[in-house]
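Please look over the chain shown below before reading on. The briefing that follows takes up its surface, its fold, its aromatic rings and its core.

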Amino acid sequence: MTWINLEILNFNKTNLFGTIPTEMGLRLRLKILHFEANNLSGTIPTQLGKLNELLHVSFGLNSLIGNLPTELGKCTKLRKIDFSQNHLKGSIPMEIIQLKEVTEFSLNDNYLFNSFWHWRMEESS
């Protein structure tokens with residue numbers, strides 16, 4: 001089964017484990033990716049940045065490591081980003097901060113840093 005027309009993939013709280021497959025970036029029609037509260041580990045694949053139609057990406061409550069990939073900034077239709085309660089580290093890429101359509105942005109309980117709040121406050125004034 002190829003699922004070439006797949007737009008929504010919701011596997012919240014399904015006890016999935018392992019890594020996020022890089023092939024997920026080949027499902028170009030995907031609009032919603034929800035994988036909250038599982039046992040996913042490893043890094044976030046840069047290939048997710050190829051999902052031009054992506055509106056929601058949610059991988060909160062997992063065990064993901066590494067950095068947020070700058071490639072997510074290519075998903076210009078993104079409205080919801082949730083990678084909260086993982087083990088991510090490093091800075092929040094400016095490419096992600098500058099996404100204009102985002103209305104929900106959750107990265108709490110990670111090891112991330114940035115001048116994000118300062119930059120957003122200047123933008124709103």
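What does the accessible surface of the chain come to, and what percentage of it belongs to carbon and sulfur atoms? The accessible surface comes to about 7300 Å², of which 54% belongs to carbon and sulfur atoms, with areas taken from the Shrake-Rupley method with a 1.4 Å probe and, for residues, only the protein chains shown counting as cover.

This is a predicted model, in which local features need pLDDT of at least 70 and side-chain atom pairs count only at pLDDT 80 or more, whereas totals for chains, interfaces and linings use all residues. Residues are numbered from 1 along each chain as its sequence is written, and side-chain values use heavy atoms, with hydrogens and water left out.

**Fold and contacts**

- The chain has 2 helices and 10 strands, where helices (H or I, at least four residues) and strands (E, at least two) are DSSP runs numbered from the N terminus.
- Along the sequence, these elements follow the pattern β-β-β-β-β-β-β-β-α-β-β-α.
- Of the 125 residues in the chain, 38% are buried, a term for under 20% relative accessible area, with exposed meaning over 50% and partly exposed in between (1.4 Å probe, protein chains only).
- Among contacts (heavy atoms within 4.5 Å) with a separation of 6 or more, 46% are between residues 24 or more positions apart.

**Aromatic rings**

- The structure holds 3 aromatic pairs, counted for rings of Phe, Tyr and Trp (its six-membered ring) with centres within 6.5 Å, and classed by their planes as stacked (under 30 degrees apart), edge-to-face (over 60) or tilted (the rest).
- F11 and F35 form a stacked pair, at 5.5 Å centre to centre and with 25 degrees between the planes; F11 lies in the loop between β1 (8-10) and β2 (17-19), and F35 in the loop between β3 (32-34) and β4 (39-42), 24 residues apart.
- F11 is partly exposed, with a relative accessible area of 30%, whereas F35 is buried, at 6%.
- The rings of F35 and F59 are also stacked, because their centres are 5.1 Å apart and their planes are at 0 degrees; F59 lies in the loop between β5 (56-58) and β6 (63-66), 24 residues from F35.
- F59 is buried, with a relative accessible area of 0%.
- Ring pairs link F11, F35, F59 and F83 into a cluster.

**Nonpolar core**

- The largest nonpolar core has 27 residues, and those with the most contacts inside it are L33, F59 and F83; such a core is a set of buried Ala, Val, Leu, Ile, Met, Phe, Trp, Tyr and Cys residues joined through side-chain atoms within 4.5 Å.
- Not counting residues up to four places away in sequence, L33 touches L9, M24, L48, L51, L54, H56, V57, S58 and F59.
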